[in-house]
Amino acid sequence: EESDEHVIAPREQLIEMAFSRDIGNAWYRLRDDSAAVFQPQNLLALAIAGGGALVLRSEVDGQVRKHTAKHRNRWGNGSTFLGNIGDAEVQIPILLGVYYMSLRNQDEELHDFSTTLLSAFTINGLSTLAIKVVTDTDRPSDTYNDGRFGFPSYHSSSSFTVASVIDEYYGLQYGVPAYVVAGLIGWSR
């Protein structure tokens, strides 16, 4: 007598196969997506943005840090809510949930969107971490990382990454609201 405990339903098999395929391709996708960032037009934009950030850091950074420390909850519960939306602990489960739904529903468009989003999110996270280590700026408060590694804001960069992928796939109708939310998250930081 055979047990049905180890029999996998066809849908679950498809999900497993697609997941295995995606894991096997993840490194190649990250490599290709990262290489696409390092194109001449992108490098020029990154150099200009980096120069602007250096100017702002030397001119404005201290003032912003003091103002933020003084007015930490300037929007009351809204500041906390926006901060929570920008947390990796909130964003990552949502991104993985969208990815899972794309597999479960066998939705190719959603699957392409979610794998692009996960790739962009990973590249952004690693880039943001690298910049934080290189710049090692002070935070407005010493309560996290002993007040170190404040710039750039992971909350802001990850939120703008999500917004840009939403805009790329679904257009301005969804992109603009996503950018507004990302901007509010950045402002709240």
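A salt bridge is defined here as a side-chain nitrogen of Lys or Arg within 4 Å of a carboxyl oxygen of Asp or Glu. The structure is a predicted model, in which local features need pLDDT of at least 70 and side-chain atom pairs count only at pLDDT 80 or more, while totals for chains, interfaces and linings use all residues. Residues are numbered from 1 along each chain as its sequence is written, and side-chain values use heavy atoms, with hydrogens and water left out.

Three salt bridges are found in a search of the whole structure. Asp32 is bridged to Arg31, with the closest N and O atoms 3.1 Å apart. Accessibility was classed as buried (under 20% relative accessible area), exposed (over 50%) or partly exposed (in between), using a 1.4 Å probe and protein chains only. Asp32 is partly exposed at 43%, and Arg31 is partly exposed at 44%. A salt bridge also joins the side chains of Asp33 and Arg29, at 3.5 Å from N to O. These two residues, Asp33 and Arg29, are four residues apart in helix α1 and are thus separated by about one helical turn. Asp33 has a relative accessibility of 28% and counts as partly exposed; Arg29, at 27%, also counts as partly exposed. Helices (H or I, at least four residues) and strands (E, at least two) are DSSP runs, numbered from the N terminus.

Arg21 forms a salt bridge with Asp22, the closest N and O atoms being 3.4 Å apart. Arg21 is partly exposed, with a relative accessible area of 43%, whereas Asp22 is buried at 14%. Asp22 is found in helix α1. With residues up to four places away in sequence not counted, Asp22 is in contact (heavy atoms within 4.5 Å) with Tyr99, Leu103, His111 and Thr115.

Asp22 is also a lining residue of the second largest pocket. On a 1 Å grid over the protein atoms alone, a pocket is an open set of points where a 1.4 Å probe fits, with protein on both sides within 12 Å along at least five of seven lines; lining residues have an atom within 4 Å of a point. Grid points are joined across faces, edges and corners, and a volume is the space filled by probe spheres set on the points. The second largest pocket holds about 450 Å³ of space. Its lining consists of 19 residues, with Asp22, Ala26, Thr115, Leu118 and Ser119 nearest the centre. Two or more lining residues come from each of α1 (10–37), α5 (88–104) and α6 (108–135). The largest share, eight residues, is given by α6. By class, the lining has 10 nonpolar residues (Ala, Val, Leu, Ile, Met, Phe, Trp, Tyr, Cys and Pro), four charged (Asp, Glu, Lys and Arg) and five polar (the others, Gly among them).

Rings of Phe, Tyr and Trp (its six-membered ring) were paired if their centres lie within 6.5 Å, with planes under 30 degrees apart counted as stacked, over 60 as edge-to-face and the rest as tilted. The count comes to five aromatic pairs. Phe113 and Tyr169 are edge-to-face, at 5.5 Å centre to centre and 75 degrees between the planes. Phe113 lies in helix α6 and Tyr169 in helix α7 (residues 154–170), so the pair ties together parts that are 56 residues apart in sequence. Phe113 is buried at 8% relative accessibility, and Tyr169 is partly exposed at 23%. The ring centres of Tyr169 and Tyr170 are 6.4 Å apart with planes at 45 degrees, so this pair is tilted. Tyr170 is partly exposed, with a relative accessible area of 29%. One aromatic cluster is formed by Phe113, Tyr169, Tyr170 and Tyr174.
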